[in-house]
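Biologist: I would like to learn how to read a sheet and a core. Please take me through one case.

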Amino acid sequence: MSIAGGIPRAAESAARLGCNALQIFVKNSNRWEGKKISDEEAQEFKTLILQHGIKNVAAHSSYLINLASPDEDLRQRSIAAFIDELNRCAQLNVQSLVLHPGSHRNEGEASGLKRIVDSLLQVIASSDTGVRITLETTAGQGSSLGNRFEHLRDIISGLSGHPSISICMDTCHIFASGYDIRTNTAYEETMDRFDSVIGFSRLSLVHLNDSLKPLGSRVDRHEHIGLGYIGDEAFKNLITDPRFEKISKILETPKDRDEMGDKENLARLKSFQI
């Protein structure tokens, strides 16, 4: 949900649609600096979350942050920005901060993954907020890392399995990166692969998005549920999969002014529970 007009407005929007999970940005997603969150704004947001029975709130980190950058000044700026966002999450009682692992900028996967680990070690050493650092699966556009489950496994391993690290699975991203989930067989194979490489115990969040681009395209373009290349079957399987029962699920599907897209996507997903 948008935080236009103030962060508490996002809680009101979620409540209006009957959501019990919410994702926000804790500042402008395309700027390094953000306006300070006042104590009054934070308290209003926390009060509304409780009043409306929203059980889980996540935030998504700025798109500028690149913990894998070979440019040391940019990497250090990214680390500082990420720590700032963790502190903002703590101020708002946001449970987890979702992070795209980063882009190696054509320097190679191994060196990029090492820089992510080094960056997160610095973050963990400098910040003790209790907010989960949630690594998101990616589509693998350009030189982005996180499009293979093994990338995320190796980052966790490099952090000695630190308990603050969790995973967000994005259905559009895994599909675009080459993991098929369209049929019962393909879905089970992909989920078994995820479990064997990373493990469901690390999964704390799911982004439910259809894909505007085909399997293996490595292009990150979200579509409304059932209207993209993934189709309904995958979402029916995931919604009824007991492994996902207690995992919060977030829509990042295209927005419209009257919220009709959100309403239709939510209704469609809820219909799969029957």
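Biologist: Which residue in E3 does His-60 stand opposite?

Modeller: The model is predicted, so treat each reading as a computed one. His-60 stands opposite Val-98 in E3. The two strands involved are E2 (residues 56–60) and E3 (residues 96–99). They run parallel, joined by three bridges.

Biologist: In what order do the seven strands of the open sheet lie?

Modeller: Read across the sheet: E1-E2-E3-E5-E7-E8-E11, with parallel pairing. Strand E1 (21–24) and strand E11 (248–251) are the edges, and each pairs on one side only. On average, neighbouring strands are turned by 30 degrees against each other, direction ignored.

Biologist: Which strands does helix H8 touch?

Modeller: Helix H8 (residues 232–239) packs on the sheet against strand E8 (203–208) and E11. The direction of H8 makes about 150 degrees with that of E8.

Biologist: Now the core. What is the general idea?

Modeller: In soluble globular proteins, nonpolar side chains tend to be buried together. Here the largest nonpolar core has 72 residues. Those touching the most other members are Ile-24, Phe-45, Phe-82, Leu-92, Leu-120, Leu-203 and Phe-244. Helix H3 (residues 72–92) gives the largest share of this core, seven residues.

Biologist: What does Ile-24 touch, leaving out residues up to four places away in sequence?

Modeller: Its contacts include Met-1, Ile-3, Phe-45, His-60, Leu-92 and Val-94. Ala-58 and Ala-59 are also among them.

Biologist: How many residues form the second, separate core?

Modeller: Six, including Ala-58, Cys-168, Leu-205 and Ile-250.

Note on methods:
Residues numbered from 1 in each chain as written. Predicted model: local features only at pLDDT ≥ 70, side-chain atom pairs only at ≥ 80, totals over all residues. Heavy atoms only, no water. Core = buried A, V, L, I, M, F, W, Y, C linked by side-chain atoms within 4.5 Å. Buried < 20%, exposed > 50% of the residue type's maximum accessible area, 1.4 Å probe, protein only. Helix = DSSP H or I, 4+ residues; strand = E, 2+ residues; numbered from the N terminus. Contact = heavy atoms within 4.5 Å. Pairing = 2+ DSSP bridges. Axes fitted to C-alpha atoms, helices over the stretch in contact; angles between N-to-C directions.
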